[in-house]
Amino acid sequence: MNDSSNRVKKVGLPPGSIIYTGENPQHKIHIDILAYNDSITKRELFDENSDLSEIKKDFKGITWINIDGIHNIPLIKRIGELFNLDNLVMEDLVNSTQRAKVEEREDYLFIVMKMLNLNLISKDIAYEQVSFIVKEDYLITFQETPGDAFDSIRARIEAPNSRMRKKSVGYLTYVILDSIVDNYFMILDEVEIEIDRLESKVINNPEREDLQTIITLKQKVTTLKRTIGPIRELISRLQTNSVAEYLNDDIKIYLTDLSDHGIIVHDTLDILNSRVTELIQLYHSTISNGMNEVMQILAIISTIFMPLSFLASLYGMNFEYMPELQSRYGYFVILGIMFVLVLAMIAYFKKKKWI
């Protein structure tokens with residue numbers, strides 16, 4: 001996500017300016033409508049050229065409208081007019097850099113979250129904004145790109161004798177939020193596995209390339225913390241009395257469970273952030289210890305050869321009347337002395353636990 005370049009698009013514009021700040025995707029927008037009550041379900045698909053007046057039909061039950069794509073500004077405006085959304089909300093709908101938040105309006109609730117998708121091969125994380133409009137009998141969700149993790153929710157609704165069809169629109173909102181938060185755990189688990197792998201490598205066999213890998217991982221964790229860190233604050237906001245009126249009393253216990261998940265996500269992010277920071281310190285410490293070991297070995301070798309060099313230089317002086325020069329076994333005696341010196345010094349170093 002290139003947040004800085006995206007924000008430039010809105011510089012100098014008045015509040016309520018509906019400008020898409022994403023990466024200008026070319027895909028067609030799909031509108032998936034699932035209407036249900038305790039006895040029937042109806043599902044219809046529309047596109048950006050459809051007659052949108054057909055979307056808002058009289059139906060005794062819950063209607064979930066999912067819109068894949070927020071880059072078509074005329075379509076967003078038409079939907080806003082149809083459901084009486086104000087300009088500030090529509091501005092936030094198409095602003096893909098929004099922070100997770102909850103806002104109250106006169107007759108609806110506006111929620112913004114981030115949905116994460118993990119590439120299992122490259123381990124890259126894709127961030128997608130999901131916005132919710134929660135009305136009395138309507139839930140409208142806006143996504144940036146086609147495809148989502150909500151097919152299992154649709155299957156639950158469409159299943160025969162589904163208990164979910166007897167629940168309120170607030171419960172549907174909770175189920176989708178819970179699905180998004182559950183996906184956070186999978187992403188965080190993958191990041192933790194990556195940290196564990198790097199930590200083991202740095203301890204056992206550090207390489208120069210590892211530092212860049214750790215820095216990249218640090219940036220990934222920082223982005224995660226900035227993007228999904230506010231989830232605890234968002235869920236706490238949903239539990240306030242004024243917001244709870246939009247979600248019905250029957251989901252209070254579920255929001256408590258969701259709040260626990262939000263706390264775990266927040267605390268896990270703090271732990272991962274600390275671990276990556278400590279991993280950088282561990283890398284430098286391991287590299288420094290390796291250099292210290294090399295310097296220690298070189299110092300020991302130098303110390304061992306100092307007396308040997310002294311003896312060699314002493315008997316290498318070209319004086320005619322040096323003692324032992326005429327000795328028949330002088331060469332072997334000096335070699336023996338050198339050998340004994342080396343053994344004695346090695347024994348001394350081991351006793352001191354220097355080697």
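**Close-up views of a predicted model**

UniProt, in an unreviewed entry, places the feature "transmembrane region" at residues 297–317 and 329–349. UniProt positions follow the numbering used here, feature names are shortened, and annotations may be inferred rather than shown by experiment. The model is predicted: local features need pLDDT of at least 70, side-chain atom pairs count only at pLDDT 80 or more, and totals for chains, interfaces and linings use all residues. Residues are numbered from 1 along each chain as its sequence is written, and side-chain values use heavy atoms, with hydrogens and water left out.

**View 1. The two annotated spans.** Residues 297–317 are 86% helix and 0% strand. The end C-alpha atoms of this span lie 30 Å apart. Residues 329–349 are 95% helix and 0% strand, again with 30 Å between the end C-alpha atoms. Helices (H or I, at least four residues) and strands (E, at least two) are DSSP runs, numbered from the N terminus.

**View 2. The second largest pocket.** Its volume is about 190 Å³. A pocket is an open set of points on a 1 Å grid over the protein atoms alone, where a 1.4 Å probe fits, with protein on both sides within 12 Å along at least five of seven lines. Grid points are joined across faces, edges and corners, and the volume is the space filled by probe spheres set on the points. The lining has 11 residues (an atom within 4 Å of a point). Tyr 315, Leu 325, Gly 330, Tyr 331 and Ile 334 lie nearest the pocket centre. Helices α9 (252–314) and α10 (330–351) each supply at least two lining residues. α10 gives the most, with 4 residues. By class, the lining holds 8 nonpolar, 2 polar and 1 charged. Here Ala, Val, Leu, Ile, Met, Phe, Trp, Tyr, Cys and Pro count as nonpolar, Asp, Glu, Lys and Arg as charged, and the others, Gly among them, as polar.

**View 3. The nonpolar cores.** The largest nonpolar core has 59 residues. Leu 172, Leu 224 and Leu 238 have the most contacts inside this core. Helix α5 (residues 169–204) contributes the largest share, 16 residues. A second, separate core of 28 residues includes Ile 65, Ile 79, Met 90 and Ile 133. A nonpolar core is a set of buried Ala, Val, Leu, Ile, Met, Phe, Trp, Tyr and Cys residues joined through side-chain atoms within 4.5 Å. Buried means under 20% relative accessible area, exposed over 50%, and partly exposed in between (1.4 Å probe, protein chains only).

**View 4. Leu 238 and its partners.** Neighbours within four places in sequence are left aside. Leu 238 is then in contact (heavy atoms within 4.5 Å) with Val 102, Leu 109, Ile 111, Leu 177, Val 243, Ala 244, Leu 247 and Leu 255.

**View 5. Thr 141 in strand β7.** The strand covers residues 138–143. Thr 141 is buried, at 0% relative accessible area. Beyond neighbours within four places in sequence, Thr 141 contacts Trp 64, Ile 65, Asn 66, Ile 67, Ser 131, Phe 132 and Ile 176.

**View 6. Two asparagines with positive phi.** Phi of Asn 84 is near 60°. Asn 84 sits in the loop between α2 (73–82) and α3 (87–93), and is exposed at 57% relative accessibility. Asn 161 has a phi of about 55°. The loop between α4 (151–158) and α5 holds Asn 161, which is exposed at 73%.

**View 7. Ile 301 in helix α9****.** Ile 301 is partly exposed, with a relative accessible area of 42%. The C-alpha atoms of Ile 301 and Glu 128 are separated by 60 Å. Along the chain, these two are 173 residues apart.
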